[in-house]
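Here are my notes from going through the model, as numbered points. Have the structure open while you read.

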Amino acid sequence: MLPLRIVVIGGGAAGFFGAIACAKANPDAQVTLLEASRQPLAKVLISGGGRCNVTHACFLPEELVQNYPRGAKALRGALTRFGPQDTVAWFAAGGVYLKTEADGRMFPVTNTSETIVECLIKAVATSGVKLRIGTHVTSVTAADGGFDILLKSGETIKCDRLLLATGSSLLGYKIVKELGHQIEAPVPSLFTFNIADPQLQALAGVSVNPVQLRLSAGGKSQLQQIGPLLITHWGLSGPAVLKLSAWGARVLHEKRYQATLLINWLPDLHQEEVREKVLAVKDEWGKKAIALHRGVDLPHRLWQYIIARAGITTEDRWAEISSKTLNKLLQELTQGQYLISGKGAFKEEFVTCGGVNLKEVNFKTMESRLVPGLYFAGEILDIDGVTGGFNFQSAWTTGYLAGIAMATSD
């Protein structure tokens, strides 16, 4: 009897994990991992600022899935079969230990992504996976109960089972469509906001934690996030912005990244409490310059920017402020309006929402419901998480489940 022939296309986190899981579960299988570039795991290498945010210390699936704008329902069961605790144990078994930071993100104790890359490459070698780098796939066709994979070199590879872990590559989507699957239109997720305001941009480096952000994009229900915000030389970034961009990815794309952002700089206070604080400082420091006596806990440079938006000059004193101007100041503090005029990149880490329609995939095995023997893992699926290790966890989970299923199913 001929050994089972399994091919994985895509040498990223999901592809490596799937190939390793498959080879370990069925040592007799011939597992081949194809990667087009000369540098496998390139995204792993640059992730987390070069530290690799492997996963998140959230071990209850029902809580974990709340961090996935798309794919939460489908992942719920999958994460009970392979979750963050399993990821931690898997890497520990390979000699790589993870640490948890204050915000729940988990990194290798070495603080370098090279540790993760080396662990995965070693696991591929010891498990008997044949890794072929610089190998470009041009097309895939279903044939004789398996698949024919045509390479750019002209070579054809035949396999019994195929795992597509091609991320958000256009080639991957093309193959998926040709095999009869539906693709949810890919659009960017996890990005920063461009705000065309030179005075705001001049505050680059100022951070506030927390702020409340609300996105108003043409009649759609308002999305909101609370968390840290960072002012940049092009607009706004930080965890609150990145999370909001993920949840609002589709609506922002529809609006060509033109939308109104409402910022509450003091979300820990009710609006009336903010008013009381401002009135208290007005009463106590009536003869003092508003620019120098703020009464609320905000960075000095940001305060000066906010009062300028309210029409207050650096010479204006608290005693001179009118009720109308005071109300304008309160509005700027609790619901200031900022026009988003585009999106920026979030470092080198790009995430795409969209991909294979999840209804066409069996999430117990990651096998296609339409094409027997075809499996999916990672970002090729219409799954994406917010920043914090959730996208990698989705890759580990779906890759592992696909690998085991390919190795053991009849």
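1. Start with helix H2 (residues 42-50) and helix H6 (residues 113-127): in this predicted model their axes lie 8 Å apart and the helices pack at an angle of about 155°. An angle over 145 degrees counts as roughly antiparallel, so that is how H2 runs relative to H6. The crossing of the two is right-handed.

2. Which residues in H2 and H6 meet? From H2 you get Val-44, Leu-45 and Gly-50, and from H6 come Ser-113, Glu-114, Ile-116 and Val-117. Sorted by type, this contact of H2 with H6 has 4 nonpolar, 2 polar and 1 charged residues.

3. Now look at another helix pair, helix H4 (residues 72-81) and helix H14 (residues 390-408). Their axes come within 10 Å and cross at roughly 75°, and H4 and H14 are therefore roughly perpendicular to each other. H4 brings Leu-75, Ala-78, Leu-79 and Arg-81 to the contact, while H14 brings Gln-393, Ser-394, Thr-397, Thr-398 and Leu-401. By type, the residues of the H4 contact with H14 are 4 nonpolar, 4 polar and 1 charged.

4. Helix H12 (residues 300-309) deserves a look for its buried side: Leu-302, Trp-303, Tyr-305, Ile-306 and Ile-307 are buried there. What do the buried residues of H12 pack against? The partners are helix H8 (198-201), helix H13 (323-335), and the strands S13 (207-216), S14 (223-231) and S17 (336-344). After H12 comes Gly-311, with a positive phi near 85°.

5. Strand S13 has something else to check. Pro-210 sits in this strand, and the peptide bond joining Asn-209 to Pro-210 is cis, with omega about 0°. As background, most peptide bonds are trans, and most residues other than glycine have a negative phi.

6. On that second count, two residues stand out. Asn-111 is not a glycine, yet its phi is positive, about 65°. You'll find Asn-111 in the loop between strand S5 (105-108) and H6, where it counts as partly exposed because its relative accessibility is 33%. Arg-256 is not a glycine either and has a positive phi of about 55°. Arg-256 belongs to the loop between H10 and S16; at 69% relative accessibility, it counts as exposed.

7. While you're at the loop between helix H10 (249-254) and strand S16 (259-264), find Gln-258, which lies in it. Is Gln-258 buried or partly exposed? Partly exposed, with a relative accessible area of 44%. Leaving out residues up to four places away in sequence, Gln-258 touches Ile-340, Ser-341 and Gly-342. Also, the C-alpha atoms of Gln-258 and Ile-195 are 10.0 Å from each other, although these residues are 63 residues apart along the chain.

8. Last, the overall picture. The chain has 14 helices and 21 strands, and its C-alpha trace spans about 95 × 40 × 35 Å along the principal axes. Of the 410 residues, 52% are buried. The chain exposes about 18,100 Å², with carbon and sulfur atoms supplying 52% of that area. Among contacts with a separation of 6 or more, 73% are between residues 24 or more positions apart.

Conventions:
Residues numbered from 1 in each chain as written. Predicted model: local features only at pLDDT ≥ 70, side-chain atom pairs only at ≥ 80, totals over all residues. Heavy atoms only, no water. Axes fitted to C-alpha atoms, helices over the stretch in contact; angles between N-to-C directions. Helix = DSSP H or I, 4+ residues; strand = E, 2+ residues; numbered from the N terminus. Parallel < 35°, antiparallel > 145°, perpendicular 65-115°, else oblique. Left-handed = near helix turned anticlockwise from the far one by under 90°. Contact = heavy atoms within 4.5 Å. Nonpolar A, V, L, I, M, F, W, Y, C, P; charged D, E, K, R; others polar. Buried < 20%, exposed > 50% of the residue type's maximum accessible area, 1.4 Å probe, protein only. Areas by Shrake-Rupley, 256 points an atom, 1.4 Å probe, with all protein chains shown as cover.
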